[in-house]
Amino acid sequence: MSEIAHNHIKLPEGSIEKQTTTLNLGPTHPATHGVMQNILELDGERIVSAEQTIGYIHRAFEKLAERRPLYQITTITDRMNYCSSPINNMGWHITCEKLLKVKTPKRVDYLRIIIMELARISDHLICNSIVGVDSGAYTGFLYVMQYRELIYEIYEEICGSRLTTNIGRIGGFERNFTNAAFTKLEKFMDEYPKVLTEFESLFKRNRIFMERTQGTGAISAERALNYGFTGPNLRAAGVDYDVRIHTPYSSYEDFDFTVPVGSTGDNYDRFLVRNEEMRQSLRILEQAYRKVQAFTGAEAEVYHADVPEYYLPEKKDVYTKMEALIWHFKIIMGETAIPVGEVYQSVEGGNGELGFYLISDGGRTPYRLHFRRPCFIYYQAYSELTKGAMLSDAIMTMSSLNLIAGELDS
Amino acid sequence: MVLTNETIEQRLKAKFGDLLTNFETPYGMLTFEAPKDYNLKLLQFLYDDTELRFQFLTTLCAVHYPDQPGRELAIVYHLHNLQDNVRIRFKVFTDINTPDIFTATNLYSTANWMERETYDFYGVNFVGHPNLKRILNVDEMDYFPMRKEFPLEDGTRIDKDDAMFGRG
Amino acid sequence: MARPVQYNVKNETGKPVQTVAPPEGYTGEGFFTTKLSDVVGLARKNSLWPLPFATSCCGIEFMATMGSHYDLARFGAERVGFSPRQCDLLMVMGTIAKKMGPVLRQVYLQMAEPRWVLSMGACASSGGIFDTYSVLQGIDQIIPVDVYIPGCPPRPEAVLDGFMKIQELVGKESIRRRNGEQYKQLMESYGIQ
């Protein structure tokens with residue numbers, strides 16, 4: 001970071017004139033996207049130290065999860081990273097499937113990938129456009145919200161809800177994707193790449209944006225790893241760790257995509273890494289779409305795994321067939337066999353490695369469920385990232401880290 | 001040398017001998033148990049060893065087992081070796097009346113808030129932690145909510161009728 | 001008689017554009033009298049300045065409502081402010097935890113009369129799906145609320161409907177309401193001076 005020479009009087013340390021001001025960037029502030037508090041000690045405009053307070057939206061997810069059966073926990077995983085809730089949902093379903101030893105068919109995996117990549121695009125769009133808003137450029141945000149509406153319409157076709165989707169079931173999806181969903185997906189894949197280029201062109205070589213973001217909020221790869229960074233923030237620092245490549249889940253190994261990596265870990269690199277990840281997500285979307293269209297005949301109607309113990313049968317079967325009625329009863333009343341054991345599964349969320357540590361004691365509800373939330377882990381580094389920075393750089397760092405309050409407090 | 005669960009187990013047994021117990025591999029991840037005084041030494045060994053290189057702390061959490069007297073609280077560490085792509089998990093058990101565990105913040109800066117969260121939820125006292133106070137709950141709270149004896153709901157709420165919700 | 005609108009009364013499909021009826025009043029040659037509260041209500045309701053107190057998922061749905069698809073600015077809420085001293089309408093969107101309660105109350109107290117409160121979403125109205133020890137079961141435990149919008153999160157159309165209900169309330173409010181006995185009792189029940 002360039003050191004600007006201070007042309008002010010040098011005061012002796014400890015003198016009454018040289019004191020730091022305390023600024024409370026409180027839980028409600030136009031710049032805090034979500035409720036988190038930073039108490040900053042400022043020496044003029046420079047930050048000497050920062051202390052974070054979180055927990056203003058603590059909703060006790062982990063305790064709540066001990067009360068709910070496995071299939072009801074999906075609704076609370078939605079509300080963790082609410083900008084990309086399908087990824088949280090799919091991560092939870094994949095964890096349950098690992099515990100219950102359920103193998104999902106390929107078509108289900110590809111459909112899941114479509115939903116997850118759409119969610120990733122949606123999350124990165126919010127983050128990048130808010131970075132623009134914080135540096136004063138409101139246009140990009142409003143322009144890009146239109147395309148988030150398209151993504152919401154796709155979710156609505158599939159699961160009925162726009163934001164907190166509760167999409168999918170253990171073993172697959174609740175219904176097959178309709179033709180309308182695929183039409184909307186095609187429309188999105190047609191229109192969005194040009195919009196992304198246009199959005200990027202507003203910022204990428206924009207001198208004001210570059211001067212505000214380059215060199216601010218930088219972190220080295222070693223410090224980032226020590227702080228437990230994952231996701232785009234770590235990749236901007238130079239480490240190419242992506243859970244989709246390291247431990248592929250949901251058939252990601254069948255897809256061809258690259259992982260963009262930055263070099264300095266500053267705000268500008270994070271912005272560019274997220275933009276490039278959106279491009280790679282588009283690539284994955286196209287491949288997934290072609291693979292799904294390639295299924296023919298009976299395989300094209302498969303949308304869930306054949307696990308009657310954990311996947312509710314169709315209502316018309318429940319009313320007419322005896323086995324379906326029995327399975328329905330068993331699943332709802334919690335009499336299906338859940339294995340005893342502990343499993344840790346992670347997925348690549350919008351912010352990094354979202355992990356689920358599930359300990360099951362054979363009962364309907366988990367004995368313990370712990371969420372490894374990436375935002376919570378890397379927000380600790382905020383005081384180190386902003387040491388010596390100016391106040392406006394601190395605001396930019398906060399928004400470029402993509403802090404989502406629902407994920408910070410569980 | 002390819003790092004598999006067996007080679008990790010052998011190396012750990014070679015260094016620590018009988019101190020580490022209960023080696024199992026649920027769902028493919030090596031899990032073992034260590035005595036609570038050795039957690040830092042174990043973490044340091046796993047960090048420094050040139051073959052094991054577990055240098056990424058994925059997560060740290062606690063579990064409460066009220067029906068195991070003397071071993072009620074388990075603190076679980078998940079570690080990840082990024083170069084060889086191996087994950088392991090180890091647990092440290094402690095008594096609920098003296099839940100003192102050495103802090104890992106000197107080795108992993110990420111353990112700072114993870115340990116504060118564990119303290120907030122379970123009351124585990126991390127010895128040597130720079131700032132052990134509540135992080136997610138209100139500061140005035142005087143109990144540790146995730147322990148099994150405490151209910152989920154707020155007992156003082158007046159607008160919801162427990163009988164209608166099937167509890168109480 | 002007011003001069004009728006002459007230009008742009010028909011749009012492309014040929015249907016006549018309706019103009020909004022003026023408030024009840026007595027007109028004469030060059031003047032129009034009506035009640036002060038009607039005019040003040042009309043002015044206030046079409047230029048409400050909201051304060052989006054967005055905490056969680058409902059905040060993102062509010063951002064979608066402010067976007068161009070479901071435009072909230074058409075209802076006069078073009079200028080959203082974040083300073084309570086300048087805003088009329090406090091829109092509480094998202095879960096309010098017990099830790100956040102005092103902050104919300106302080107923001108409410110800093111607002112100047114007349115002020116209205118809109119509680120958006122199930123969490124703000126009653127605690128929502130989070131019946132836990134750390135979530136405030138509804139903001140009406142600490143501040144008086146005018147309109148509740150249910151939903152998790154409510155669709156933007158529902159938010160607009162709630163906003164229009166607030167507009168109705170604002171338009172019909174008597175200008176003596178805030179000094180009246182009933183309002184004082186309401187404030188006392190919340191412990192607000």
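Modeller: Gladly! Let's start with one facing pair: Phe93(B) in β5(B) has Ala74(B) standing opposite. Please keep in mind that this is a predicted model.

Biologist: What makes β4(B) and β5(B) a pair of strands?

Modeller: Pairing takes at least two bridges between two strands. Nine bridges join β4(B), residues 73-81 of chain B, to β5(B), and the two run antiparallel. Nine meets that cut-off, so they count as a pair. Four residues lie between these strands in their hairpin, where Asn85(B) has a positive phi near 60 degrees.

Biologist: How do you know that β2(B) pairs with β5(B) as well?

Modeller: By the same rule of at least two bridges: β2(B), residues 30-34, and β5(B) share five bridges, in the parallel sense. Glu33(B), for example, has Lys91(B) in β5(B) as its bridge partner.

Biologist: Why is β5(B) called largely enclosed?

Modeller: A residue is buried when its relative accessible area is under 20%. Nine of the nine residues of β5(B), 86-94, are buried, so the strand is largely enclosed by the rest of the structure. Val86(B), Ile88(B), Phe90(B), Val92(B) and Thr94(B) point one way, while Arg87(B), Arg89(B), Lys91(B) and Phe93(B) point the other way. In a regular strand, side chains alternate between the two faces of the sheet.

Biologist: Now a helix. What makes the span of α4(A) close to the expected one?

Modeller: The expected span is 1.5 Å times one less than the number of residues. For the 29 residues of α4(A) that gives 42 Å, and the helix reaches 42 Å from its first C-alpha to its last. Just after α4(A), Gly136(A) takes a positive phi of about 100 degrees.

Biologist: Why is α4(A) described as mostly covered?

Modeller: Because 27 of its 29 residues are buried, that is, under 20% relative accessible area. Helix α16(A), residues 391-400, is mostly covered too, with eight of its ten residues buried. Among them are Asp393(A), Ile395(A) and Met398(A).

Technical notes
Residues are numbered from 1 along each chain as its sequence is written. Chains are lettered from A and ligands numbered from 1 in the order in which they are written. This is a predicted model: local features need pLDDT of at least 70, side-chain atom pairs count only at pLDDT 80 or more; totals for chains, interfaces and linings use all residues. Side-chain values use heavy atoms; hydrogens and water are left out. Buried means under 20% relative accessible area, exposed over 50%, partly exposed in between (1.4 Å probe, protein chains only).
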